[in-house]
Amino acid sequence: MSTTTPATVGPNTLRPVSPGFIAIYALAMFGIWMAINLPASVTLALRISEIDPDGKTTSYSIAAGVGTLTAVLANPFFGRLSDRTRSRFGRRRPWIAIGLLGTTVGAAVIGFSDTFPMLLLGWILMQAFVNAAIAAILAIVADRVPESQQGFIGSLSGAASAASLVIGIFFIQAFPTSILAQIGLPVAVGLVFGVALLAVFNDDAPAAEPLPPFGVKEFFGSFFINPRREPDFAWLLLALFLMFAAWGVVSTYTVYLLQDMIAVPEDQIGGAITLSYVIPGVVAFVVGPLGGWVGDRLGRRKPVMIFAALIGAAGMVIIATSSTVVQFLIGVTLVSGVAAGLMLGTYIALGIAAMRDKLAAARNLGVVNIAITLPFSIIPFIAPVILSVGGGTSNYVALVLFGGALTLLGIVPLVGIRATR
């Protein structure tokens, strides 16, 4: 079903991949995101509350922090291992399979754990191995997809992630009392679609180039880009880090913005929170592939990202001036729906265009994922300083405008990229 040529062929000479392959690729991304997004959003917290009800807030903070760190490190590391793999099964398929198996083991450990340390071990396994699979699956876009399709197919990862969250809300509601079902069934979905991708991705030929040396220096180099050697890629990483700041602020502080800034009544807060995630999720699901397709048709990625930054900044202004839930939802939809959707629909193709070493695509895209993930980790540490501006601890207007300003600032390094338009 895959209609592509070997990895040694340049991106402009690869044949277009078939609609059937695109569909299975999208389903595989949906399954793998479903497997990790539901625990990260809901079921991990529920499981911790069962195991450690008295210390659940502290335990959850530890699990969330350790899990994020594991994901940040695992993605480029396993990507580097995938790039170096020379097995007869190819470079990507072995790590997709290993990632799916490890994710399943981690989910089983979480499901059957009765202590927090055991649960934490399961969560570390899940985060590490799911990122092994993600790194290998994303690299397929660089290996097998011609430049004219990279925007659209690359966007499917973001669309799949958004869809997994939207559908996941209803999935959780279908099994409100079964933690095993809430954790195990999403992993089963990931396994089914992941195996389907392995079956159709039958031309995963290993790279013909000899293996470069790999030691301590190369290991730590998995997480670092030399700006002198790859200035365009370094500019891209800075641009993505800044541009995703607005989304990082909104996604992290939605509940408190609704409670403290909009002052939503307690009996309405649940519905407002649900709408704040479902509406932008649906919009991002539609906008992401559209943005990728537009970039493919134009042959230009940077204008799409610049437009996304402008929309995101405008949405932050709307949020900062909100006094009603409706106005807040409009702003959140612009930030987490339109802007985030366009960015998620474009960043993979832009990253492939900006990187010099296409043979290290999985590792490079792993570093790209670090750039877009860091705002979600760093902003909670910066936020208390911004929230204290003017006295007190709840200057959410300043925090929101700060996130919008960072997103606008991301346009500057983006313009500095010369390798692509």
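Student: What should I know before reading the numbers?
Tutor: The model is predicted, so local features need pLDDT of at least 70 and side-chain atom pairs count only at pLDDT 80 or more, while totals for chains, interfaces and linings use all residues. Residues are numbered from 1 along each chain as its sequence is written, and side-chain values use heavy atoms, with hydrogens and water left out.

Student: OK. How many helices and strands are there?
Tutor: The protein chain has 16 helices and zero strands. Helices (H or I, at least four residues) and strands (E, at least two) are DSSP runs, numbered from the N terminus.

Student: How compact is the chain?
Tutor: The radius of gyration is 21 Å, close to the 22 Å that the globule rule gives for 421 residues, so the chain is as compact as a globular protein of that length. That radius is taken over C-alpha atoms, and the globule rule is 2.2 Å times the number of residues to the power 0.38. Along its principal axes the C-alpha trace spans about 60 × 50 × 40 Å.

Student: What percentage of the residues is buried?
Tutor: Buried residues are 54% of the 421. Buried means under 20% relative accessible area, exposed over 50%, partly exposed in between (1.4 Å probe, protein chains only).

Student: And contacts, how many join residues at least 24 apart?
Tutor: Among contacts between residues at least 6 apart in sequence, 80% do. A contact means heavy atoms within 4.5 Å.

Student: Switching to helix 3. What is its span?
Tutor: Its 20 residues (93-112) should span 28 Å at 1.5 Å a residue, and the end C-alpha atoms are 29 Å apart, which agrees. The expected span is 1.5 Å times one less than the number of residues.

Student: Which of its residues are buried, and what covers them?
Tutor: The buried ones include Trp95, Leu100, Val109, Ile110 and Gly111. Their cover includes helix 1 (19-51), helix 2 (56-84), helix 4 (116-144) and helix 6 (179-200).

Student: What does Arg47 touch?
Tutor: Arg47 lies in helix 1 and counts as buried, at 10% relative accessibility. Not counting residues up to four places away in sequence, Arg47 touches Ile110, Gly111, Phe112, Ser113, Leu119 and Ile179. Ile110 and Gly111 are among the buried residues of helix 3.

Student: Which residues touch the most others in the largest nonpolar core?
Tutor: Tyr25, Leu197 and Leu240 do, in a core of 88 residues. Helix 4 supplies its largest share, 16 residues. A nonpolar core is a set of buried Ala, Val, Leu, Ile, Met, Phe, Trp, Tyr and Cys residues joined through side-chain atoms within 4.5 Å. Apart from this core lies another, of 27 residues, among them Val250, Ile262, Val264 and Val400.

Student: Back to Tyr25. What is it in contact with?
Tutor: Leaving aside neighbours within four places in sequence, Tyr25 is in contact with Ile137, Leu138, Ile140, Val141, Ile153, Leu156 and Leu197.

Student: How many aromatic pairs are there?
Tutor: The count is nine. Rings of Phe, Tyr and Trp (its six-membered ring) pair if their centres lie within 6.5 Å; planes under 30 degrees apart count as stacked, over 60 as edge-to-face and the rest as tilted. Phe21 and Tyr25 are a stacked pair, 6.5 Å centre to centre with 25 degrees between the planes. Both lie in helix 1, four residues apart, about one turn of the helix, and both are buried.

Student: What about Tyr253 and Tyr256?
Tutor: Their ring centres are 6.4 Å apart and their planes at 50 degrees, so that pair is tilted. Tyr253 is buried, at 9% relative accessible area, whereas Tyr256 is partly exposed, at 43%.

Student: Last one: what is the phi of Ala263?
Tutor: Ala263 has a positive phi of about 60 degrees although it is not a glycine. Most residues other than glycine have a negative phi. Ala263 lies in the loop between helix 9 and helix 10 (269-298) and counts as exposed, at 52% relative accessibility.
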